Amino acid sequence: MAAASVASALLAVTRRNPVHSMLWVLALFLHVAGIFLLLGAEFLAAVQVIVYAGAILMFYLFVVMLFDLPAEEVRPRFGNHWPFAAAVGLGFACLAWIARVGAGAPSAGTPVAVERVPQGNLRAIGTALFGPFVLPFEIASLILLAAIIGAVVLARRRAA
Amino acid sequence: MIVPVNVVLALSAVLFGIGAFGFLARRNIILMLISVEVMLNAVNVSLAGFSRHLGDLRGQVLALFVIAVAAAEVGVGLGLVIALNRNKPGAAVGDLTKLKW
């Protein structure tokens, strides 16, 4: 599943047709949801499918289809500095890897209340969200409200 | 099924690298935004991996916040794209030279 998600991510950033690219990103999101399931994060997997694959990707597809696709396809899909970009991407991946190795993989010890999961991942997350995380939760709702208003203001047709 | 945390972190690093490459190399503004989504997803994978590894749910809660911020980013970003598209059709960042002197 990891290999499949890497493959679909690669295809997503290299396809020429934006719609094909979108569909590969959809495959990537579904695979990541599967990885979340394997990691025991059921609620996160559900949110991934609903929010990412359902809402965000549909939004992207609508905007893509508003645009002039054939005109896009004849353009070069990469700028002429793409080797530099590839180097930067590789560098980031190596950096993340080195940071992990240098820090020494986080000690597997101290299993702090590991298996609260059996009683339902959703209940535990909800408790955490409305317990210690209630302030960030409210701030997230504020961010979303600001984004809604901002999007409406930006995309509105100027009156006269 | 036990997933080793090393594999999860390697996957996250690779996905993040792909996203960074896509963001820097693509010349289509929508696909650049999609690459940002790929990077955010890579971070979510690593958060979920750590959450599993350390037996702490805070990682998953943080991943939820990342998803919320990603949704906000998509809304504002695509609003900007539509506004730009109204002035100048097309989605290629090379054409957006209005703020350049």
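Predicted model: local features only at pLDDT ≥ 70, side-chain atom pairs only at ≥ 80, totals over all residues.
Which residues does B:Asn44 touch, not counting residues up to four places away in sequence? The legends below come to this residue in the fourth view.

View 1. Residues are numbered from 1 along each chain as its sequence is written, chains are lettered from A and ligands numbered from 1 in the order in which they are written, and side-chain values use heavy atoms, with hydrogens and water left out. Chain A has seven helices and zero strands, whereas chain B has three helices and zero strands; helices (H or I, at least four residues) and strands (E, at least two) are DSSP runs, numbered from the N terminus. Of the 160 residues of chain A, 34% count as buried, and in chain B buried residues make up 60% of the 101 residues, where buried means under 20% relative accessible area, exposed over 50% and partly exposed in between (1.4 Å probe, protein chains only). Among contacts (heavy atoms within 4.5 Å) between residues at least 6 apart in sequence, 59% join residues at least 24 apart in chain A, and 61% do so in chain B.

**View 2. Helix H7 of chain A beside helix H3 of chain B.** Helix H7 (residues 134-155) of chain A and helix H3 (residues 58-87) of chain B pack at an angle of about 10°, with their axes 8 Å apart; axes are lines fitted to C-alpha atoms, for helices over the stretch in contact, and angles run from 0 to 180 degrees between N-to-C directions. H7(A) and H3(B) are therefore roughly parallel to each other, since angles under 35 degrees count as roughly parallel, over 145 as roughly antiparallel, 65 to 115 as roughly perpendicular and the rest as oblique. The residues making this contact include A:Phe137, A:Ile143 and A:Leu154 of H7(A) and B:Phe65, B:Gly75 and B:Arg86 of H3(B). By class, the contact has 18 nonpolar, two polar and one charged residues, with Ala, Val, Leu, Ile, Met, Phe, Trp, Tyr, Cys and Pro counted as nonpolar, Asp, Glu, Lys and Arg as charged, and the others, Gly among them, as polar.

**View 3. Helix H3 of chain A against helix H2 of chain B.** H3(A) and H2(B) pack at an angle of about 175°, with their axes 12 Å apart, and are therefore roughly antiparallel to each other. Among the residues that meet here are A:Gln48, A:Tyr52 and A:Tyr60 in H3(A) and B:Ile30, B:Glu37 and B:Asn44 in H2(B). The residues of this contact divide into 12 nonpolar, three polar and one charged.

**View 4. The surroundings of B:Asn44.** B:Asn44 is found in helix H2 (residues 29-54) of chain B, and at 0% relative accessibility B:Asn44 counts as buried. Not counting residues up to four places away in sequence, B:Asn44 touches A:Phe36, A:Tyr52, B:Ala63, B:Val66 and B:Ile67.

**View 5. The largest nonpolar core.** Of the 56 residues in this core, A:Met22, A:Phe36, A:Leu44, A:Tyr60, B:Ile30 and B:Val81 touch the most other members; a nonpolar core is a set of buried Ala, Val, Leu, Ile, Met, Phe, Trp, Tyr and Cys residues joined through side-chain atoms within 4.5 Å. The largest share of this core, 12 residues, comes from H3(B). Not counting residues up to four places away in sequence, B:Val81 touches A:Val63, A:Phe67, B:Ile29, B:Ile30 and B:Leu33.
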